[in-house]
Amino acid sequence: MRRRPRVASRIFLALIYLFLYAPIFIMIVFSFNASKSRSVWSGFTLDWYTELFSDSMIISSLTTTIGVSVIAAIVATIAGTFAAIGFFNMRKRWRSPLLAINNIPVMNADIVTGVSLCLLFVSLGSVLKYQLGFGTLLIAHITFNIPYVILSVLPKLRQMDRNLVDAAMDLGCTWFQAFYKVIIPEIMPGIINGMMIAFTMSIDDFVISYFTAGSKVQTLSMTIYAMTRMRISPKINAVSTLLFLFILLLLIIINVRQIRQEEREKKLRTLKSK
Amino acid sequence: MAKELIRLRDCTMVFDDDVVLNKINLSIKDNEFLTLLGPSGCGKTTTLRIIGGFVKPTSGDVFFNGVRINDVPPHKRTVNTVFQKYALFPHLDVYENIAFGLRINRHEGRRLSKDEIHSRVMEMLEIVSLKGFEHRDVTSLSGGQQQRVAIARALVNRPKVLLLDEPLGALDLRLRKDMQIELKRIQEATGITFVYVTHDQEEALSMSDTVVVMDGGVIQQIGTPEDIYNEPVNAFVADFIGESNIVDGIMIEDGVVEIFGKKFACLDAGFAPNEPVDVVIRPEDVDIVDIKDGMLTGTVTNVTFKGVHYDVIVDFKGFKWLIQTTDYCPVNSRIGIKIDPDGIHVMHKSQYSGMFGDYSSYSAEYEEISDAELEPEETVSEDKLYEA
Amino acid sequence: MKLKYLSAPYIVWMALFVVAPVIIVVVYAFTSAAGEFTFDNFAKMGGYVSVFSRSFLLAIISTAICIIIGYPVAYILSKERARQQRILIMLIMLPMWMNFLLRTYAWMSILENTGLLNRLLTLLGLPAVNIINTPTAIVIGMVYNFLPFMILPIYSVIVKIDRSLIEAAQDLGANAVTVFRRVIFPLSLPGVFSGITMVFVPAVSTFVISQLLGGGANMLLGDLIEMQFLGAAYNPHLGSAIALVMMVIVMICMWLMNKFGAGGEEAVML
């Protein structure tokens with residue numbers, strides 16, 4: 001490893017990380033700014049945070065967001081897990097096209113997914129006398145969450161030793177017992193990961209919620225959008241700081257779990273090879 | 001007298017507090033087929049990688065034609081490697097894989113022309129019997145075919161030395177035997193020095209001019225295959241190569257060794273009078289005779305039919321011997337044995353004494369797996385070898 | 001009881017909420033407000049050529065910048081030691097999870113005429129720049145938001161290149177530059193293709209970035225669609241036509257990625 005190129009590449013990397021994080025840190029710093037300015041510092045204050053907690057719009061949209069995200073994540077995890085197991089046991093002829101359809105919400109531009117669901121709800125709504133609201137929002141979130149769960153669980157199913165299920169049945173299990181005694185524990189890391197990713201995607205979503213929530217219901221992102229258009233106060237900065245910390249925490253948890261899992265698997269491998 | 005090409009002098013390699021190589025001294029000659037043989041973890045692959053330049057020894061020197069090359073990177077050494085998993089470039093076809101080294105190097109001071117490259121590559125394909133495969137996708141080839149492409153790719157550069165890292169491990173038995181003959185033929189035809197790494201002692205014995213037996217980062221013995229087989233220098237080598245019964249003995253005087261309290265004539269000399277020694281007797285050198293004619297008597301505990309011969313386990317006063325014979329002996333019968341003087345080989349005691357040679361089980365692991373106290377060993381992971 | 005029937009409920013769900021919406025969009029795209037079959041909507045799109053070309057141009061520029069910056073970053077990261085790699089990659093991923101409205105908004109405060117950038121420049125005695133509400137600001141916003149989507153696929157492909165291939169190339173006489181040119185770069189291309197797909201698609205369809213950083217003046221396809229559905233010019237038929245075009249673009253990118261790309265799954269998941 002030669003020395004000189006390393007210094008240059010480190011400077012380059014540092015600049016990139018600076019580029020990525022400077023705006024975030026500026027937001028965090030100015031969330032404590034005593035004045036409304038976004039660029040002039042006038043002193044330290046926690047006022048914006050306290051205002052945040054008394055803003056009813058923000059509180060209600062936060063509640064909505066958490067509600068939708070939690071419910072959508074749970075439903076998506078259960079449905080996605082069953083779907084993944086179902087797909088895994090299919091012949092390729094059926095599985096490939098189904099997986100391709102499954103990938104549509106993932107690959108499609110957000111706006112297309114949002115707009116198409118909006119059209120669906122509006123057309124059905126006029127027939128079924130149903131308006132855009134929490135229900136449609138929930139359906140939309142579940143729809144784009146399930147594919148992520150499937151994408152998280154399927155690889156685990158592929159990695160699973162097929163003989164395990166046969167072994168269980170050989171020892172007397174019915175297929176149902178083999179299912180929850182053998183399959184579920186083996187793929188549990190994938191299920192949990194999928195649930196966390198679904199939850200995070202829901203919390204973070206803006207575009208799809210924008211088109212499917214209607215006028216009476218707002219998610220946190222939608223409220224933030226309204227706030228940014230009005231450019232009113234550093235409450236926005238306070239919101240982003242809190243969100244940033246929350247996401248940081250979630251990511252740390254996900255990664256620590258992954259590291260622990262990988263080390264467990266590494267240990268098993270060196271023991272087995274002896 | 002063959003010229004010395006490569007010399008390792010006092011090479012030591014330490015990874016994370018693990019001493020992988022301990023003061024290795026090795027001399028490799030021109031036009032030689034030399035094999036580094038030993039169990040996994042003994043340091044043979046590390047030695048090979050030091051010669052190739054992928055790893056620098058923690059201390060010690062490497063010489064090539066008398067010149068110290070410790071700091072010369074791999075791409076500047078006139079040494080080529082055949083990797084264990086072939087390492088063929090998946091994005092290039094067979095022709096381009098083989099031509100790779102020719103396209104980038106300046107051979108003999110000038111860049112090769114398109115025609116020269118073409119003729120060399122075709123010549124190589126002929127040598128490894130892969131004519132017609134030029135435009136095949138390497139990922140679609142079988143293990144044996146990929147092997148040959150890897151060999152061609154290395155040899156086409158006309159290196160002085162070819163390093164082979166357990167190249168036949170992934171092939172099945174009969175193909176492996178054919179490839180062994182093939183490799184030997186290529187080495188003799190090209191006159192290139194082959195440095196070959198394997199843990200398979202049969203392979204080493206059948207192909208090599210010189211065998212270097214290693215264990216625990218230390219060279220145990222260097223010699224021709226016959227020397228290593230007939231005159232192992234310690235219990236480790238005796239046990240690693242072929243099957244051996246190794247018993248405690250006392251060297252009474254030159255030509256006379258005492259085991260189990262009886263004196264046997266042997267051909268060894270040069271030991272101190274009454275020196276405690278390890279005595280090696282190969283299973284095929286033991287004759288089964290009537291009890292009254294036998295030099296020792298024992299009880300048969302196990303007989304296994306192996307086709308070519310019977311494996312007979314015999315108990316002599318608690319020590320189990322393996323005898324290979326075409327005579328059938330029923331279990332629990334008492335038999336006598338006779339050993340000719342040239343069937344006995346005496347060795348000095350070493351750190352390995354007592355570890356091998358008793359046939360209560362064929363492997364050390366068999367007893368270990370029933371021992372609840374034993375903790376699994378940590379093997380030096382392969383990734384560490386690549387990190388240097 | 002066959003396990004494959006476990007997926008039946010989801011298949012029904014997909015039919016309702018993934019397939020049906022797409023069909024409805026297609027139907028709307030080809031019908032008029034009165035309900036008759038027509039190509040009018042597509043014809044009307046012709047009046048918005050400037051919007052289309054602006055969206056494509058800005059998306060292509062942003063994608064190109066992401067490759068130029070992102071490839072070296074991915075390469076450098078792949079050479080770090082294992083433990084540091086993990087942390088550095090997580091740090092690349094972290095901004096991705098921050099709400100992208102807020103990330104875009106942050107750039108507003110930097111790029112504004114009275115924003116931090118101009119304050120810094122005047123402090124250094126340099127002239128102030130007017131970046132906000134120009135296409136440049138939109139490109140900056142896009143690169144900022146989507147750069148990690150280019151870095152991660154390229155990184156995950158380079159890191160999986162078998163170490164022994166690099167050693168084999170060195171063994172055959174290749175120095176560091178040659179190793180990169182003849183081994184690493186060709187083998188990393190699938191990651192680049194994935195990255196292009198994962199940057200281009202959101203770049204060409206965004207509407208938030210153009211509104212916050214481009215002002216009203218620089219309208220992109222996303223803005224156009226939004227206007228047709230929730231905005232003043234309510235015309236879901238036209239909007240569907242544009243959305244259909246966008247879907248076709250996505251499908252082309254998906255096909256390209258399937259054929260030539262790799263490393264995309266990790267970037268999507270993490």
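**A colleague's note on chains A, B and C**

1. Welcome to this predicted model. Along the principal axes, the C-alpha atoms of chain A occupy a box of roughly 75 × 70 × 30 Å.

2. Next, the secondary structure of chain A. You will find 11 helices and zero strands. Read from the N terminus on, the elements of chain A go α-α-α-α-α-α-α-α-α-α-α.

3. How is chain A packed? Of its 274 residues, 39% count as buried. If you take the contacts in chain A between residues at least 6 apart in sequence, 77% of them join residues at least 24 apart.

4. Now to chain B, where the domain assignment gives two parts to look for: domain 1 covers 4-230 and domain 2 covers 244-362. Between the C-alpha centres of domain 1 of chain B and domain 2 of chain B, the separation is 39 Å.

5. Chain B also meets chain C: 17 residues of chain B are in contact with 16 residues of chain C. Which elements give two or more residues to the side of chain B that touches chain C? They are β6 (79-82) and α2 (94-104) of chain B. The largest share of that side comes from α2(B), with three residues.

6. Finally, a word on the residue classes there. The side of chain B that touches chain C has eight nonpolar and eight polar residues, along with one charged residue.

Terms used. Residues are numbered from 1 along each chain as its sequence is written. Chains are lettered from A and ligands numbered from 1 in the order in which they are written. This is a predicted model: local features need pLDDT of at least 70, side-chain atom pairs count only at pLDDT 80 or more; totals for chains, interfaces and linings use all residues. Domain bounds come from an automatic or database domain assignment. Helices (H or I, at least four residues) and strands (E, at least two) are DSSP runs, numbered from the N terminus. A residue is buried if 20 or more other C-beta atoms lie within 10 Å of its own, exposed if 12 or fewer, and partly exposed in between; C-beta atoms are placed from the backbone. Two residues are in contact if their C-beta atoms, placed from the backbone, lie within 7 Å. Ala, Val, Leu, Ile, Met, Phe, Trp, Tyr, Cys and Pro count as nonpolar, Asp, Glu, Lys and Arg as charged, and the others, Gly among them, as polar.
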